[in-house]
Amino acid sequence: MPTTVHDFDWPDRVVVGTVGVPGQRTFYLQARAGKQLISIAMEKLQADQLAEKIDEILDQLMTIDGNPFHVPANTPLELVDNDDLDPVEEQFRAGVMSLGWDPTTAQVVIEAYPIEEVDEDDDGLLEEGDDDDADAAEVLRVRMPVGTARAFAKRTREVVGAGRPICVICGQPIDDAGHTCALPEN
């Protein structure tokens with residue numbers, strides 16, 4: 001069966017956002033180009049790792065003599081996107097995600113595969129050269145220029161960090177209904 005590829009080469013918008021209240025949120029990676037819109041569900045940990053890895057790639061690229069890809073150290077203000085998600089219609093739940101760099105277009109490349117289609121590595125991300133996606137029925141591929149990638153990572157970290165506050169004593173999330181802290185036994 002041929003693979004359906006949802007390709008976004010120069011998206012108008014690519015963001016991570018949530019639906020629901022802290023403690024019961026569903027995370028989505030959403031990409032839009034013109035009238036084409038896709039939303040895929042993902043785990044909070046996947047979103048957090050994606051932002052971290054994108055920043056690592058961009059920071060490494062900045063160290064190349066002369067910064068030939070013009071990677072910004074900070075998020076360009078004109079690229080900040082704090083708007084809500086567009087209407088969400090989940091296409092699939094992400095399993096394995098890969099992250100790469102295309103030097104020919106100076107873009108960060110994200111690929112996401114449905115959870116039921118492939119086996120996940122321990123961290124949910126494929127390393128370069130892995131070929132677990134060969135039999136996937138569909139894939140989301142998003143290519144972002146460096147400024148957009150920096151803004152994407154910043155927003156994603158903010159969305160991930162906007163969850164329930166953490167108890168300083170036990171390290172567990174504190175719900176709106178309250179929190180009973182289970183102190184560790186000594």
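Mentor: The term denotes a side-chain nitrogen of Lys or Arg within 4 Å of a carboxyl oxygen of Asp or Glu. Because R141 belongs to strand β8 and D7 to strand β1 (residues 4-8), the pair ties together parts that are 134 residues apart in sequence. Helices (H or I, at least four residues) and strands (E, at least two) are DSSP runs, numbered from the N terminus.

Trainee: What kind of model is this, and how are residues numbered?

Mentor: This is a predicted model, in which local features need pLDDT of at least 70 and side-chain atom pairs count only at pLDDT 80 or more, while totals for chains, interfaces and linings use all residues. Residues are numbered from 1 along each chain as its sequence is written, and side-chain values use heavy atoms, with hydrogens and water left out.

Trainee: How many salt bridges does the structure hold?

Mentor: As a general idea, side chains of opposite charge can pair when their charged atoms come close. The structure holds 14 salt bridges. One of them joins R93 to E43, with the closest N and O atoms 3.2 Å apart. R93 lies in strand β5 and E43 in the loop between β4 and α1, so this pair ties together parts that are 50 residues apart in sequence.

Trainee: Is D81 buried or exposed?

Mentor: Buried means under 20% relative accessible area, exposed over 50%, and partly exposed in between (1.4 Å probe, protein chains only). D81 counts as buried, at 18% relative accessibility. The side chains of D81 and R155 meet in a salt bridge (3.4 Å, N to O). D81 is in the loop between α1 and β5 and R155 in helix α2, so the pair ties together parts that are 74 residues apart in sequence. R155 is also buried, at 10%. Salt bridges that share partners join R13, R32, D81, D86 and R155 into one network. The side chain of D81 also reaches the backbone nitrogen of D83 at 3.0 Å.

Trainee: Which residues of the largest nonpolar core touch the most other members?

Mentor: A nonpolar core is a set of buried Ala, Val, Leu, Ile, Met, Phe, Trp, Tyr and Cys residues joined through side-chain atoms within 4.5 Å. In the largest one, with 32 residues, L29, M42, I54, L140, M144 and F152 touch the most other members. Helix α1 gives the most to this core, with seven residues. Contact means heavy atoms within 4.5 Å; not counting residues up to four places away in sequence, L29 touches residues including V14, I38, M97, I110, L140 and F152.

Technical notes: Polar contact = N/O pair within 3.5 Å; in protein donor to acceptor, adjacent residues only side chain to side chain.
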